[in-house]
Amino acid sequence: MTLRDGVLPAEMIAQLMEAGVITGGDSARLQPASLDLTLGARAWRVRASFLPSRVRTVKARIDDGLAMQAIDLADGAVFERGCVYLVELNERLALPPTVEGAANPKSSTGRIDVFVRLVTDYGTAFDEIPVGYNGPLYAEISPRTFSILARQGSSLNQLRLKVGDCLLDDQALADLHKQAPLVDDDADIMDGLGLSVALSADDGMIGWRARRHSALIDVDKVGGLDPNDFFEPINQPSSGFIILDPDEFYILASKEALAIPPDYAAEMTPISPGLGEFRVHYAGFFDPGFGWSEKGTNGSRGVLEVRSHDAPFVLEDGQLVARLVYERMAERPQNLYGAAVKSNYQGQGLKLSKHFRS
């Protein structure tokens, strides 16, 4: 098959699965511009996070003394917060020489503060799959606040495939915003589309702060948990700012309402260290159609998973906290986010993960 430059839509990914380029994948887990990856049966608790380097496979690195315990996920297992695990995924790749890949945690994974990164054989960077990669895939999993229950077949991260240089530069992004507004206000475009944090709200509630020592979260169960058992609400501050406590986890929302037009995909990029001593980046992929409709749209707020670093940090209403980069699709997906596919976060405001009751 001939692959055009751009991010590959679900239909092209399905063709690659049929051709044996992707094995072990489940076509029912296709999203408009990505594939949900699934946990295999084999896992290890490891001493530390690691990359194999250019000269080693992941298995060789595990056998080097990093593995503390082998875990069978067939019947499920608890991943304890503060620990690092490595899981072999069900999917395996044999990419053509023009195709590369990237991975990110799913939205629901980031919103429960589970740090998930893809690892490949001979890999020198997390979440990056070089062109022509042929080999197994692994997920490094590190729950930060809540311990989780997962099993073989659970899905915590996503794979996106692309061909060629499909990234929009700032001029192309500005032109696109004129044609189809990407935010409901003036666009801050510099190295991507800027997002600011909303610390004011009509109902007075602007976010959630995670509670320590909460119960276990089963990653495959939807809508059964009481949010107040795991989070405490944050009310609008009279001062116009909040102070992030070190190593605490917050769910906040962007001031801007976003739209991803059907011929594009987007990704939230890690914040520049120059913008502050905090991190806003767990779930990075935004599918074509997010916050968009043919009749025009009010957009969908970006939910921000925020963690401060080593020092308390002041966050003000309207402060720049993240950037989105946009990429061209190789083809428009037949099914857009929020349309024919099940989409938990279309039209979202300040929303917790799918595991919690509304």
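## The region 5–164

Over residues 5–164 the chain is 14% helix and 46% strand, with the end C-alpha atoms 5 Å apart; helices (H or I, at least four residues) and strands (E, at least two) are DSSP runs numbered from the N terminus. UniProt, in an unreviewed entry, places the feature "domain: 2'-deoxycytidine 5'-triphosphate deaminase N-terminal" at residues 5–164. UniProt positions follow the numbering used here, feature names are shortened, and annotations may be inferred rather than shown by experiment.

The model is predicted: local features need pLDDT of at least 70, side-chain atom pairs count only at pLDDT 80 or more, and totals for chains, interfaces and linings use all residues. Residues are numbered from 1 along each chain as its sequence is written, and side-chain values use heavy atoms, leaving out hydrogens and water.

## Helix α2

Val58, Ile62 and Leu66 are buried in helix α2 (residues 58–66), where buried means under 20% relative accessible area, exposed over 50%, and partly exposed in between (1.4 Å probe, protein chains only). Seen down the axis of α2, these buried residues fall within an arc of 60°, so they line one face of the helix; the arc is that of the directions from the helix axis to the C-beta atoms. An α-helix has 3.6 residues a turn, so residues three or four places apart point the same way.

The cover over the buried residues of α2 includes β5, β6 (67–72), β8 (84–94), β10 (114–120) and β12 (134–143).

## Thr38

Thr38 sits in the loop between β4 (34–36) and β5 (39–46). Thr38 counts as buried because its relative accessibility is 6%. Leaving aside residues up to four places away in sequence, Thr38 touches Arg29, Leu89, Asn90, Glu91, Gly153, Ser154 and Ser155; contact means heavy atoms within 4.5 Å.

With Glu91, the side chain of Thr38 makes a side-chain to side-chain polar contact at 2.8 Å. A polar contact is a pair of N or O atoms within 3.5 Å; within protein, one must be able to donate a hydrogen and the other to accept it, and residues adjacent in sequence count only if both atoms are side-chain atoms.

## Strand β20

In β20 (residues 249–258), nine of the ten residues are buried. Strands pair if DSSP finds at least two bridges between them. β20 pairs antiparallel with β24 (residues 300–308) over seven bridges, and Ala257 has Arg301 as its bridge partner in β24.

Two bridges join β20 to the antiparallel strand β15 (residues 193–198), with Val197 opposite Ser254. β16 (residues 205–210) also pairs with β20 in the antiparallel sense, over two bridges; there Trp208 is partnered by Ile251.
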